[in-house]
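Welcome, and please open your viewer beside this page. We will go from stop to stop, with something to select at each one.

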Amino acid sequence: MMNDEDAKKFWKQMERLQKLTKNDKVHGQHNDGFKTSKLTNITSDGQYVNEITFPDWSKYRWVKDNMEQLRKDLFTFDQLKLPDFSVSYDESQFLITIRKQFIRGEIITNDRKWAEIIWRELVDRKSEYTFSSLHYHNFRVDSRGELYYIDLDDYKKIPHEKRVDTYNRFYSRSTGEQQ
């Protein structure tokens, strides 16, 4: 059960997102600019429905394969949580639809606790796959203090050296101070 403050935040966010949906605004281009994503619906149970369109088969297939890999890797995360989600594919339209749980919570800051978890779960993981954007806005801390990564279609192969470079742009493991 959410408290009054959480309920106000949730419904304020829902209203903002519904306005975007009604105006049919595009959220923008992601993953190196080769896809367009828009919020198409917010369900009554507070889930986002995102439609991601790709300009060609190869880019569509690449993200589809990465999403399928994420499904296989779901249980490799320990302290980092992911929203509940489902994915559908429309190959004829190069369209991927992601329906995911809305995570109520605060965007993280460069707090040492979160930096350590992000390091272990996303940078120093054994898998060659991880989430590529480590920007603060992709993480939420819910009311129970659990850390979530919310940009699910951002999962892909990333060399360890690039992970470390990306991490160092946002976080400091030794002091917890912003870079």
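**First stop: a hairpin**

Select strand 5 (85-90) and strand 6 (95-101): these two run antiparallel and are joined by six bridges. Strands here are DSSP runs of E with at least two residues, helices are runs of H or I with at least four, and both are numbered from the N terminus. Two strands pair if DSSP finds at least two bridges between them. Before going on, note that this is a predicted model, in which local features need pLDDT of at least 70 and side-chain atom pairs count only at pLDDT 80 or more, while totals for chains, interfaces and linings use all residues. Residues are numbered from 1 along each chain as its sequence is written, and side-chain values use heavy atoms, leaving out hydrogens and water.

Now find S86, which stands opposite R99 in strand 6. The two strands form a hairpin with four residues between them, and F94 in that turn has a positive phi of about 55°.

Is strand 6 largely enclosed or left open? Five of its seven residues are buried, so the rest of the structure largely encloses it. Buried means under 20% relative accessible area, exposed means over 50%, and partly exposed lies in between (1.4 Å probe, protein chains only).

**Second stop: aromatic rings**

Show the side chains of Phe, Tyr and Trp. Their rings (for Trp, the six-membered one) pair if the centres lie within 6.5 Å; planes under 30 degrees apart count as stacked, over 60 as edge-to-face and the rest as tilted. How many aromatic pairs does this rule give? The count is 16.

Select W57 and F94: the ring centres are 6.5 Å apart and the planes stand at 55°, so this pair is tilted. It links distant parts of the chain, with W57 in helix 2 and F94 in the loop between strand 5 and strand 6, 37 residues apart. W57 is partly exposed at 38% relative accessible area, and F94 is also partly exposed, at 23%.

Next, pick Y129 and Y155, a stacked pair with 5.8 Å from centre to centre and 20° between the planes. Y129 belongs to strand 8 and Y155 to strand 11 (residues 155-157), 26 residues apart. Both Y129 and Y155 are buried.

Four strands form an open sheet in the order 4-10-9-7, with mixed pairing. At its edges are strand 4 (80-81) and strand 7 (106-107), each with a single partner strand, so one side of each has no neighbour in the sheet. Inside the order, three bridges join the antiparallel strands 9 and 10, and V141 stands opposite L147 in strand 10.

**Last stop: the core**

Finally, select F139 and Y171. Of the 35 residues in the largest nonpolar core, these two touch the most other members. Such a core is a set of buried Ala, Val, Leu, Ile, Met, Phe, Trp, Tyr and Cys residues joined through side-chain atoms within 4.5 Å. Among the elements that give two or more residues are helix 2 (57-73), helix 3 (112-123) and helix 4 (160-170). Which helix gives the most? Helix 3 does, with seven residues.
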